[in-house]
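Thanks for making the time this morning.

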Amino acid sequence: MGVEVYDPVGRAQLMAERIPRTWTGTYRPFGSPTVRPVVLRLERVTPLGQMVDLRGQLSLDGVTAPVQGNINAKSNQLDLLVLGTNLGGVLEPGGEFLGQQGLSLSGWIPDRLTTLGGRMQLNPGPSPVQTGGVVRGLW
């Protein structure tokens with residue numbers, strides 16, 4: 001029986017190749033019942049040692065801003081900065097998303113103590129196309 005070896009540099013390269021380029025989901029500010037739609041499009045994904053560098057666009061309620069961040073392939077920690085302008089009047093420049101589960105679940109950490117944070121939950125893939133009503137079974 002041999003010792004299993006974990007290669008975070010190799011995992012970062014694999015993640016950069018296989019990570020979905022489109023993520024959709026929701027953002028909900030703490031203390032608010034309002035849930036807002038979110039779309040993250042990764043335009044450039046680059047492995048840098050055990051880190052995966054991310055560049056792309058984040059859309060919140062139809063307002064888009066550039067984002068820049070990284071995922072640690074060893075710990076799966078996410079650090080995602082929103083660059084530029086306010087997003088949907090909710091996210092201010094200078095804040096960041098921090099997560100322990102990659103892009104799936106992260107928390108918004110604002111740069112000012114007077115602004116509430118929030119929670120963003122994403123799933124890989126494009127947003128579902130709504131073609132009509134919900135079809136329900138008869139029984």
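I will begin with the conventions, then take the strands, the helix and finally the loops.

What you see is a predicted model, in which local features need pLDDT of at least 70 and side-chain atom pairs count only at pLDDT 80 or more, while totals for chains, interfaces and linings use all residues. Residues are numbered from 1 along each chain as its sequence is written, and side-chain values use heavy atoms, with hydrogens and water left out.

The strands form a closed barrel of 8, running β1-β2-β3-β4-β5-β6-β7-β8 with antiparallel pairing. From one strand to the next, the twist averages 30°. Strands here are DSSP runs of E with at least two residues, helices are runs of H or I with at least four, and both are numbered from the N terminus; two strands pair if DSSP finds at least two bridges between them. As a reminder, strands of a sheet pair through backbone hydrogen bonds, either parallel or antiparallel.

Take β3, residues 51-60, and β4, residues 63-72, which pair in the antiparallel sense over 10 bridges; Asp 53 stands opposite Asn 70 in β4. Across β2 (36-48), β3 and β4 lies helix α1, residues 8-18, which runs at about 130° to β2. Such angles run from 0 to 180 degrees between N-to-C directions, with axes as lines fitted to C-alpha atoms, for helices over the stretch in contact, where contact means heavy atoms within 4.5 Å.

Now to β6, residues 96-99, whose covered face holds Phe 97 and Gly 99, whereas Glu 96 and Leu 98 are on the uncovered one. On one side, β6 is joined by 4 bridges to the antiparallel strand β5, residues 78-82, and there Leu 81 stands opposite Glu 96. β6 also pairs with β7, residues 105-109, in the antiparallel sense over 3 bridges, with Glu 96 opposite Ile 109.

Which residue in the hairpin of β6 and β7 takes a positive phi? It is Gly 102, near 65°, in a hairpin with 5 residues between the strands.

Most residues other than glycine have a negative phi. Asp 61, however, in the loop between β3 and β4, has a positive phi near 55°. Asn 76, in the loop between β4 and β5, has a positive phi of about 70° although it is not a glycine. Asp 61 counts as partly exposed because its relative accessibility is 38%, and Asn 76 does so at 24%, given that buried means under 20% relative accessible area, exposed over 50%, and partly exposed in between, with a 1.4 Å probe and protein chains only.
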